[in-house]
Amino acid sequence: MSETLANLLREDRLFPPSEAFTAQANAQPGIHEEAEADFKAFWHKQALERVTWFKEPTQVLDDSNPPFYKWFSDGELNLSYNCLDRHLASSADKVAYYWVGEPGDTRTLTYQDLYDEVCRFANGLKSLGLEKGDRVAVYMGMVPELPVVMLACARLGLVHSVVFGGFSSDALADRIIDADAKVVITQDGAWRGGNVVPLKANTDVSLARTPGVEHCIVVKRTDNDVTMEDGRDIWYHDLVAGKDTVCEPVSLNAEDPLYILYTSGTTGKPKGIVHTQGGYLTSVATTHSFVFDLKADDDVYWCGADIGWVTGHSYIVYGPLANRTTGVMYEGAPNYPDFDRLWQIIEDYKVTIFYTAPTAIRAFMKWGDEYPARHDLSSLRLLGTVGEPINPEAWVWYHVNIGGERCPIVDTWWQTETGGIMISPLPGVTATKPGSATRPLPGIGADVVDDQGESVGIPGGGYLVLTRPWPSMARTIWGDDARYVETYWAKFPGKYFPGDGCKRDDDGYFWLLGRVDDIMLVSGHNISTTEVESALVSHPKVAEAAVVGRKDELTGQAIAAFVTLRGNVTGDEALIKELRDHVATSLGPIAKPKSIVFTPDLPKTRSGKIMRRLLKDISEHRQLGDVTTLANEGVVADIAEMAATSISED
Ligand code: ATP
Ligand code: MG
């Protein structure tokens, strides 16, 4: 692994925080050092300051049974209380969500509105006989009822399992069965790109396989025809009708489960990650404040993720609401009705903080600079990104075209399992480098190690590990403690292994290199897919690229590249040569792709991440592996056909 360093993508651009930003920032220089001096004291302080407890914790970290760590385990609290009730005295009329429906309808929910709605729905759930610890599957689109449902579950101590509304009925059924959910909450349909996604009809198919489900609650959104089964199916509006707007929040132990959430399935079978109450809230409230510099009274904050992913759980629902944020929530597709929909929303609501994913940024680049240019984006003061390594050119595009060269960018590394952001710049503290997530947040311990688990030092490349527990860490994989230990704690005993490769540069900055399964071995050199892809994306004609190592008799593995071009550019033999030379110049001849296939799209998970393992299957002429989490099935067949006729060079 350490040889990855042989070919580093050079990055000399440095963006220090402005003095003005630092002067007003929530996290000030010195905060890393303060936390490092005593990380438990640091987290204890955050827990007491940011969370309202029914019973304050005196214990911080319980490490008596590693890797099953506990945090604040004698504390008691309720997350719905923390997100709603405690804000009412000062902020009942403050907007919690500006919601924008895809067809153009809008709703504004104040903290009082949200509180009333959550209590009514919680009373509805109670009337169905649900009890603390019961699992509730949620299969919805981005409508205001989704956070309502989650908070109502949290209020009663029910464990929600939100399944992204883009998943198929099979994927939903698998997750309902795995979590043994008693209730499913869905919608008649969800708007997406001008079409109705028939969520209730999909759910009906799933329910044929899930006899354990007693009730299905249906939110009316699109008014499409649905079948309601007597005794099992209930309309949301009927359930809440006449219900009281007062519902006592249940006092829960800090270590009671809050939710189960399945990982995106980029690498294989999804894992049902379990998060608990007290540590989770402490961590998401802290990171939301520090990383996004959230000022509850001034900011309009927009996390563009779907609540079906952990980013939405932590940074649309729990973190922001705990911090009394005014947020924007958008229901639909970013290119509907036109490619400037997001920029229109930023202009309309004067959004100040915007958080999205590299896959979205690369789509914006592909669509063209003219769309953001049509809008006044001057309200923005901070930008964020999450989900994959961001190619430096995509970072710079975001900085220039969306951030007006004025907004700090926080590239946040974390995963479903970590619950909250782990490695990221602090916008008033850290000088950023395009493509680097910079350094671990205060209180977080991270290192880069070799096969033996020894630190590789600075600079150096290898496996990313987290060296100490943190409050929002996953507690287990639902129903499978052994898989939890095996997946994350077995490779390097005593250290958490997230599965990602990483290098550190001379300044100690962390550069995420993608999943270790994706690292290529070419003529004895480890080469990261991320670096070759970033080299390709740094060519002005390229919008997006994916590379994989395919078996090669001569070199062990050869680099096969799949490239999507910007705007109206068409690919030909001359461009293939140009791109191969471009990579050779940026990274060295060893990293030159052996074959390049131009494709209008790349196979992606439903959360938009490139699924390299499928491209590898294609390149090595194998049957495709698990495709249930794939978003765009047609594209795989197209690419397979193009790859079969592509020309290899040396
Ligand atoms: P699965 O674990 O089922 O294969 P997944 O890993 O895609 O799915 P998530 O938990 O949604 O599921 O994604 C976390 C992963 O995304 C990280 O482990 C990392 O590979 C990648 N990632 C997230 N943010 C960043 C970032 N800022 N830079 C680099 N990689 C990132
Ligand atoms: Mg993962």
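Two strands are taken to pair if DSSP finds at least two bridges between them. Helices (H or I, at least four residues) and strands (E, at least two) are DSSP runs, numbered from the N terminus. The structure is a predicted model, in which local features need pLDDT of at least 70 and side-chain atom pairs count only at pLDDT 80 or more, while totals for chains, interfaces and linings use all residues. Residues are numbered from 1 along each chain as its sequence is written, chains are lettered from A and ligands numbered from 1 in the order in which they are written, and side-chain values use heavy atoms, with hydrogens and water left out.

The protein contains 20 helices and 30 strands. Its radius of gyration is 24 Å, close to the 26 Å that the globule rule gives for 650 residues, so the protein is as compact as a globular protein of that length. The radius is taken over C-alpha atoms, and the globule rule is 2.2 Å times the number of residues to the power 0.38. Along the principal axes, the C-alpha atoms fill a box of roughly 70 × 60 × 50 Å.

Of the 650 residues, 64% are buried. Buried means under 20% relative accessible area, exposed means over 50%, and partly exposed lies in between (1.4 Å probe, protein chains only). The protein exposes about 22900 Å², and carbon and sulfur atoms supply 49% of this area. Accessible areas come from the Shrake-Rupley method with a 1.4 Å probe; for residues, only the protein chains shown count as cover. Contact means heavy atoms within 4.5 Å. Among contacts between residues at least 6 apart in sequence, 72% join residues at least 24 apart.

The protein carries 60 positive and 90 negative side chains. The centres of the two sets lie 1 Å apart. Lys and Arg count as positive and Asp and Glu as negative; His and the chain ends are not counted. The place of a charge is NZ of Lys, CZ of Arg, CG of Asp or CD of Glu.

Eight strands form an open sheet with mixed pairing, in the order S12-S11-S8-S6-S7-S14-S15-S23. Strand S12 (233-235) and strand S23 (476-477) stand at the edges with a single partner strand each, so one side of each is left without a neighbour in the sheet. Within this order, S8 (residues 183-187) and S11 (residues 215-219) pair in the parallel sense over five bridges. Valine 184 stands opposite cysteine 216 in S11.

Strand S4 (residues 95-100) has two described pairings. Five of its six residues are buried, so S4 is largely enclosed by the rest of the structure. With S5 (residues 106-110), S4 pairs in the antiparallel sense over five bridges. Leucine 109 in S5 is the bridge partner of tyrosine 97. The hairpin of S4 and S5 has five residues between the strands, and glycine 104 there takes a positive phi near 115°. S4 is also joined to S17 (residues 327-330) by four bridges, and these two strands run parallel. Here valine 100 has tyrosine 330 in S17 as its bridge partner. In a regular strand the side chains alternate between the two faces of the sheet. Both faces of S17 are covered: Gly327 and Met329 on one side and Val328 and Tyr330 on the other are all buried.

Two cis peptide bonds are described next. One joins tyrosine 336 and proline 337, with omega about -5°. Proline 337 lies in the loop between S17 and helix H12 (341-349). The peptide bond from isoleucine 458 to proline 459 is also cis, with omega near -5°. Proline 459 is placed in the loop between strand S21 (446-449) and strand S22 (460-466).

Threonine 438 has phi near 70°. This residue lies in the loop between strand S20 (409-411) and S21, and counts as buried at 0% relative accessibility. Histidine 621 has a positive phi of about 55°. It is found in the loop between helix H19 (612-619) and helix H20 (633-644), and is exposed, with a relative accessible area of 69%.

Histidine 87 lies in helix H4 (residues 79-91). Its relative accessible area is 6%, and it is buried. Leaving aside neighbours within four places in sequence, histidine 87 is in contact with Asn82, Ala92, Tyr111, Leu321, Ala322 and Arg324. Histidine 87 and tyrosine 111 are 24 residues apart in sequence and 7.4 Å apart in space, C-alpha to C-alpha.
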